[in-house]
Amino acid sequence: MSWSGTETSATQQVPCKDLCPEWECRNPDDYRGVWVIGETGPEGVLEPSLQLLTPARKIADKLKVKVTGVLIGYGVRDLAKQFIEYGADEVIVVDDERLKEYSPQVYGEVAVHLVKKYRPEMVFVAGTMRGRELAPYIANHLRAGITADCTDFDADEKTRDVFQIRPPFGAVLLAYIRTPNRRPQMATARPNVFPLPPRDPGRTGEVIEEKIDHVPKARARLVSRKVIPRTEAPIEKAEIVVGGGKGLGTPEGFKQLEELAKVLGAVVGGSRRAVDLGWIPHERQIGQTGKSIKAVIYIAVGISGAAQHMFGVREAGVVVAINKDPAAPIFSQADYGVVADYRDVIPSLVKRLVQLKEELKKGSPEPKG
Ligand code: FAD
């Protein structure tokens with residue numbers, strides 16, 4: 001196990017009053033249980049929240065405590081079943097018409113109220129757009145620490161500290177971060193970093209309904225809501241992804257990738273360099289600070305294969321790299337590699353694939369080549 005920073009053992013703890021006069025130090029022994037605060041949408045509890053039941057179960061089993069799902073909103077009562085089917089032992093529900101509109105401040109204050117009442121030792125929040133504003137709001141109000149974008153978790157059964165594991169900025173190392181002086185411990189993980197636990201429709205668990213006397217008044221008002229229709233499938237769900245990098249040289253390079261994607265029924269993504277250059281929107285960035293993909297096939301074009309990029313490809317099946325530099329790091333991680341200028345490869349690949357499709361359509365039994 002490797003450590004970043006200094007390890008502080010439980011016996012060397014700095015008194016909380018010296019660290020933060022605003023939050024009385026609680027005895028960690030008063031805190032028990034692992035929570036997942038669920039995000040909901042029209043389709044129910046969102047997948048990134050359900051995925052967090054995977055690390056939550058691992059930590060809860062190690063610390064011999066329950067996994068609790070938390071649902072805050074209006075019309076969310078019936079979703080508790082979904083949380084339980086995916087592995088929560090119990091669900092705390094705050095279902096109130098006054099919580100119809102999401103507000104990080106209002107939902108955050110309700111969550112803080114619940115944490116103070118039930119005292120979980122670990123709280124997980126999905127690293128979605130919403131979770132990324134809600135989780136720090138809760139952590140700040142509790143004067144708790146929070147580690148964003150974790151890629152793994154472990155726990156020390158003796159101190160009950162949860163190791164919040166993540167790659168530090170720009171490095172290939174893994175940092176094991178823990179929060180010995182504060183409870184609850186809090187962390188986020190990006191969508192698709194953890195697999196969805198298997199669903200068991202027969203699973204049962206307790207549903208605890210919480211009533212909130214006073215719902216805080218939102219300091220911000222929702223003026224209008226505009227749903228921006230997606231023009232294509234979300235990259236994190238696509239079966240085939242074609243990714244472009246700085247090696248494409250110009251934004252026009254992406255037009256070639258779009259053509260290839262069209263023939264393959266794929267979605268186009270890119271590296272952070274391509275996003276920084278404005279060649280592709282951030283929502284299609286693949287990697288540590290972008291999306292994690294689960295594609296069956298990933299074709300990386302003009303991408304060097306930096307660790308931060310490859311992090312987003314961990315769950316992908318077959319990786320094909322097209323790069324003109326035979327020493328590009330991506331070749332050591334790809335299943336298939338083509339050492340060539342993409343401008344020579346992509347047009348002929350598109351041509352051949354179109355040909356093959358035509359042949360298949362005509363019912364040619366064995367396409368040649
Ligand atoms: P380059 O590294 O410049 O590689 C371009 C490649 O194209 C080269 O290998 C070159 O040989 C090849 N090439 C050039 N011309 C051609 C051609 N004509 N035909 C074929 N090949 C060609 N990066 C991400 O992608 N996603 C992230 O989420 C991410 N998060 C990060 C987080 C942090 C904290 C940090 C510090 C960095 C992060 N990065 C991320 C950046 C990452 O470190 C790399 O800088 C980035 O991935 C490189 O992008 P690239 O491969 O497109 O560009």
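Analyst: Let us begin with helices and strands, which are runs assigned by DSSP and numbered from the N terminus: a helix is H or I over at least four residues, and a strand is E over at least two. The model is predicted, so local features need pLDDT of at least 70 and side-chain atom pairs count only at pLDDT 80 or more, while totals for chains, interfaces and linings use all residues. Residue numbers start from 1 along each chain as its sequence is written. Counted in this way, the protein has ten helices and 17 strands.

User: Where is Asp 149, and why is Asp 149 called partly exposed?

Analyst: Asp 149 lies in the loop between strand 7 (146-147) and strand 8 (152-155). A residue is buried if 20 or more other C-beta atoms, placed from the backbone, lie within 10 Å of its own, exposed if 12 or fewer do, and partly exposed in between. Asp 149 has 17 other C-beta atoms within 10 Å, and is therefore partly exposed. Its phi is positive, about 55 degrees, although Asp 149 is not a glycine.

User: What makes the peptide bond from Arg 183 to Pro 184 cis?

Analyst: The omega of this bond is near 0 degrees, and the bond is cis. In general, most peptide bonds are trans. Pro 184 belongs to the loop between strand 10 (175-177) and strand 11 (185-189).

User: Why does Met 122 count as buried, and which residues is Met 122 in contact with?

Analyst: Met 122, in strand 6 (residues 122-126), has 29 C-beta neighbours inside 10 Å and so counts as buried. Two residues are in contact if their C-beta atoms lie within 7 Å. Apart from neighbours within four places in sequence, Met 122 touches Val 34, Trp 35, Ile 59, Val 162, Pro 184 and Gln 185. Met 122 and Gln 185 are 63 residues apart in sequence, yet 4.7 Å apart in space, C-alpha to C-alpha. Across the protein, residues 24 or more positions apart make up 64% of the contacts with a separation of 6 or more.

User: Why is helix 5 called oblique to helix 6?

Analyst: Axes are lines fitted to C-alpha atoms, for helices over the stretch in contact, and angles run from 0 to 180 degrees between N-to-C directions. Angles under 35 degrees are roughly parallel, over 145 roughly antiparallel, 65 to 115 roughly perpendicular, and the rest oblique. The axes of helix 5 (residues 104-118) and helix 6 (residues 131-142) come within 9 Å and cross at roughly 50 degrees. Helix 5 is therefore oblique to helix 6.

User: What is the relation of helix 7 to helix 10?

Analyst: The axes of helix 7 (residues 253-264) and helix 10 (residues 342-361) come within 10 Å and cross at roughly 20 degrees. Helix 7 is therefore roughly parallel to helix 10. Among the residues of helix 7 that meet helix 10 are Leu 260 and Val 263, and Val 350 and Leu 353 are among their counterparts in helix 10. This contact has nine nonpolar, one polar and two charged residues, where Ala, Val, Leu, Ile, Met, Phe, Trp, Tyr, Cys and Pro are nonpolar, Asp, Glu, Lys and Arg charged, and the others, Gly among them, polar.

User: Which residues come nearest to the ligand?

Analyst: A residue is near a molecule if its C-beta atom lies within 6 Å of it. Of the 30 residues around the ligand, Gly 245, Gly 247, Arg 272, Gly 287 and His 309 come nearest. Two or more residues of the shell come from each of helix 8 (272-276), helix 9 (307-310) and strand 16 (318-323). Helix 8 gives the most, with three residues. By class, the shell has eight nonpolar, 16 polar and six charged residues.
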